[in-house]
Structures are given as structure tokens and as C-alpha cells.
Amino acid sequence: MARKSHVQTTINGETVEFLCESRQSLLEVLRDELYLTGAKEGCNNGNCGACSVILDGRLVNSCLVLGVETEGKSVETIEGLADPDKLHPIQDAFLENAALQCGICTPGFIMSAKALLDSNPNPTEHEIRYWLAGNLCRCTGYDKIVKAVMDAAKETSA
Amino acid sequence: MKGFEFFEPTTLAEASRLFAQEHAQLLAGGTDLVIGMKALTETPQSVISLQKIPGLDGITTEGDGISIGAMTKVREVELSADIQNHHTALAEGASEIGSIQIRNLATIGGNIAHASPAADTVAGLLVADAQVDIASADGERSVAIDELFTGPGQTVLAPGEIITRFRLPSPASGSHYIKHKIREVMDLAFIGVAAAVNLDNGTITDARIGLAAVAPTPIRATEAENLLRGNELTAELLQQAGEAAAAAASPISDLRCSAEHRKEMVDVLTRRTLQEAVARA
């Protein structure tokens, strides 16, 4: 049995402690140790963006971060986005625009969109497409996703 | 991923001592190492994170010069106003790497230490005439960026030596980087070409050309640079410079494109980057 490290980090605003092996990625820690299964494993090598989370304010692929690297850091995942009784405007816009088909890529796209709108509340369509290049949708529903982000931008910056 | 022991030293000396051991790897942004460990092309027994060592992160100006810590995220290099204004080719190169997610993790030190001939920040550093500061438990030294690489994935770094900083001297007055690729983003360079020039009344007083992915290491096209120095950029000189740069290239054919295509495109892209660098100067 490999030795486990004790890590304390902040996830969606709450202090969380966990034990993990050094070889476990942040994605594996979120899903397998903390049962936060919103972030998805797609390619597991930094290409598809299905595992996107916000780490200390930066959008990253959680499959490329080691769990042991996150000591003292702050992680935002899809689970922290909605209020208990109200979806986040980006989630509403994805529903309204039917911007999901199989849904596997959706949490990554939504976290990516959130990071975009946090840094640029009024992006152009081109800026949205450029920013979302690190998120792949195998159902190829890109147009609806881009439209949803444009609608969410209107909603959140209004 | 195989198991390994994880270290987070807080001093360079400690990191260097750990890194000098066998089967040790440094962890910066993880966008090369973690992928390699998952693919089992990297099976280190100890992984040494540099993130807790103070002073390795950030961009500072020192007179005319700019200093970029090795742990600075590629995204910060891309967005830095100082680098955009004075070392445009480097900012452009940084913006070409992977996705936002990748650029938020990847570091400039990792991009260079990995020593891929196709690294997107390397041509910009070559034309900036960057000095690479290196530390180990035994002390510090500095090498010019064009003397750092010895082959694909190979550098002059000795066991235990760690890149700490890139120092960029007085900037050229105009520079530009072109990445030859198929996809707009999320692609590797077929070729990367950067040019930087200084102009005095239309005469090129200094020119630097950096080529990536066209030789076993990133290279400067010194013959082409010598042709340009002291002259005005006429159509004829531009053509000669492009041909000289292509002659300096020794590319391979691979699944991305043929050696012949690479060589021809070095000529074309050298002319284009030079024209844009001169226009910006």
C-alpha cells in the first residue's frame, strides 16, 4: 500500500482535508476521494477539457494537476456553481439553448465559460470560440454552446 | 501512473540536491511531466515540485531589460504588457501554446527545459538574445539560450541544475513570431519562425532570426542575420535572407509534414516575419 499524504485545500469555499497518493491527479481526488463527480475524465492528457476546474482563480485541466500539489489552494468545481435553489446563469443558458447532448463535456464547458466571463464579461463570439478551444464536444454541439455563453454573458453583464 | 515520492523543497539548494539523485524529475506546470508519467514514458522515483521555492515566479523589469522567472505561467508571459510591447515575438509564441487551461498551468521554464525543438516560446527567446540563469547546490551560472540545447529533449544542464530565470537584454525595436500549423489553436508547430530587428533610418542595424522545429535543436539563422545587418530591407535582400534561413534548416519528415515542405516554408515564413518585424520597428 503506497503511503498517502494529508492535504488540506479549499473546495467551493469549504475547507476540505483528504488523503491521497502522490500519483493521484486532482481529478482523481475530486472524483474518487471526495465523490465530486461533476468534473469528468475524457482524454486524461490535457486535450479535451472535460476535467476543467478553477484553481486559485485560473482555469486548468484537473487531470494534469497532482492532488498533493493543491495543499493550501482553492478549487472551484461545477458542484459549487449553483445556489441551493437557483442555477447559475450559465447553467440556465445551457438549458435554454439546449447546449448539451450527451452531457459529458458540459461541466468542463461551463467552468470554462465561467472563467471566461469572470475575466471578460462581454466577449465577442470570436473570443468565446477562441477561449473554448480547450474544451471538446464529441457530439459537436459547438454552435449551441457558443450561443449559450453569449446569452449568459448578456444575462450576467446586464 | 507509477508511484513516486513527492517533494516540495523550499530552497533551490535542497531542490538541486534532490534533483541530482537518480530517477528524479522536476515538476513545474506538469503539462509535459504529468502527461509523460501517465503514458509511462516518464517513470521517475522522485518528483520535485518547484512551486514552494520563492523567487522563481514573475516578470520584472530591470532598466531596459526584462527578467522572467522560470516558474512564470506561459499565460502570464502572453498577457504581460511589457513583453507584448518589447518582446512581441515571445508574447505571440506564448499565446500559441495549447489551450487557456494548458497555458494557465505550463511554465516558460518547463517549456524550455523540456527542450522540444518545437517549443513555442523558444524562437521568441532566441531573437530576444535571452540569457538563461541556472542554479545548483554548487552555485549559479548563466548560458545564452542558443547554447542551451544539445539535441531533442537534451540540454547542457548537468544533474541537479535548475533553470531559474530568463534575462532579456534591451529589446529590439520590432519582432514577430509565426507558427506554421493546421489548426488555429491546440496544435503543435510544423515550424516556428521569429524575427527581431533594430532599424536606423531604414537601415537594419541588428537582426535576429530564430527557427523552431526545423533542426534537432532550436537554432538562430546567423547567415541570414549577417546578410541583413547594415542594409535596407529590399525585395532582393528579403529573398536572400529567406533562402539563407532555409539553408540553415535541417528538418526531418514526420507525420506532421515533409522535410522539403518545412525547408520551403522556412524561406517563406522568414520573409513574412522579417517584413512584419520591420513594419513594427
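Reader: How many salt bridges are counted between chain A and chain B?

Author: This is a predicted model. Side chains of opposite charge can pair when their charged atoms come close. Between chain A and chain B, the count of salt bridges is two.

Reader: Glu76(B) forms a salt bridge with which residue?

Author: The rule asks for a Lys or Arg nitrogen within 4 Å of an Asp or Glu carboxyl oxygen. For Glu76(B), the closest N and O atoms are 2.6 Å apart. The partner is Arg58(A).

Reader: Which element of chain A gives the most to the side that touches chain B?

Author: Strand 4 (58–61) and helix 4 (125–131) of chain A each supply at least two residues of that side. The top contributor gives four residues. It is strand 4 of chain A.

Reader: How many residue pairs are in polar contact across the interface of chain A and chain B?

Author: Both residues of a pair must be at pLDDT 80 or more.

Reader: What area is buried between chain A and chain B?

Author: The size of an interface is often given as the accessible area lost when the parts come together. Here 27 residues of chain A are in contact with 30 residues of chain B. Carbon and sulfur atoms give 57% of the buried area. The area itself is about 2,400 Å².

Reader: Which residues lie nearest the centre of the second largest pocket?

Author: This pocket has a volume of about 400 Å³. Its lining holds 21 residues. Nearest the centre are Lys73(A), Gln51(B), Asp57(B), Met71(B) and Lys73(B).

Reader: Which elements each supply at least two residues of the lining of the second largest pocket?

Author: The lining divides into 10 nonpolar, four polar and seven charged residues. One element is from chain A and one from chain B. They are strand 4 of chain A and helix 6 (100–105) of chain B.

Reader: What is the volume of the largest cavity?

Author: Rolling a probe the size of a water molecule over the atoms shows where empty space is left. A search of the whole structure finds two cavities of 30 Å³ or more. The largest has a volume of about 60 Å³.

Reader: Which elements give two or more residues to the lining of the largest cavity?

Author: The lining includes His86(B), His87(B) and Arg208(B). By class, it has six nonpolar, four polar and one charged residues. The elements are helix 5 (88–95) and helix 8 (122–127) of chain B.

Reader: How much space lies in the second largest cavity?

Author: Its lining includes Cys137(A), Lys144(A) and Ile145(A). That lining divides into five nonpolar, two polar and one charged. The space is about 40 Å³.

Reader: Which helix holds both Asp118(A) and Lys114(A)?

Author: The whole structure has 27 salt bridges over all chains. Asp118(A) forms one with Lys114(A), with closest N and O atoms 2.9 Å apart. The two residues are four apart, about one turn of the helix. Both lie in helix 3 (residues 106–119) of chain A.

Note on methods: Residues are numbered from 1 along each chain as its sequence is written. Chains are lettered from A and ligands numbered from 1 in the order in which they are written. This is a predicted model: local features need pLDDT of at least 70, side-chain atom pairs count only at pLDDT 80 or more; totals for chains, interfaces and linings use all residues. Side-chain values use heavy atoms; hydrogens and water are left out. Contact means heavy atoms within 4.5 Å. Buried area is the accessible area (1.4 Å probe) that two parts lose on being put together, summed over both. A salt bridge is a side-chain nitrogen of Lys or Arg within 4 Å of a carboxyl oxygen of Asp or Glu. A polar contact is a pair of N or O atoms within 3.5 Å; within protein, one must be able to donate a hydrogen and the other to accept it, and residues adjacent in sequence count only if both atoms are side-chain atoms. On a 1 Å grid over the protein atoms alone, a cavity is a set of points where a 1.4 Å probe fits but cannot get out, and a pocket is an open set with protein on both sides within 12 Å along at least five of seven lines; lining residues have an atom within 4 Å of a point. Grid points are joined across faces, edges and corners, and a volume is the space filled by probe spheres set on the points. Ala, Val, Leu, Ile, Met, Phe, Trp, Tyr, Cys and Pro count as nonpolar, Asp, Glu, Lys and Arg as charged, and the others, Gly among them, as polar.
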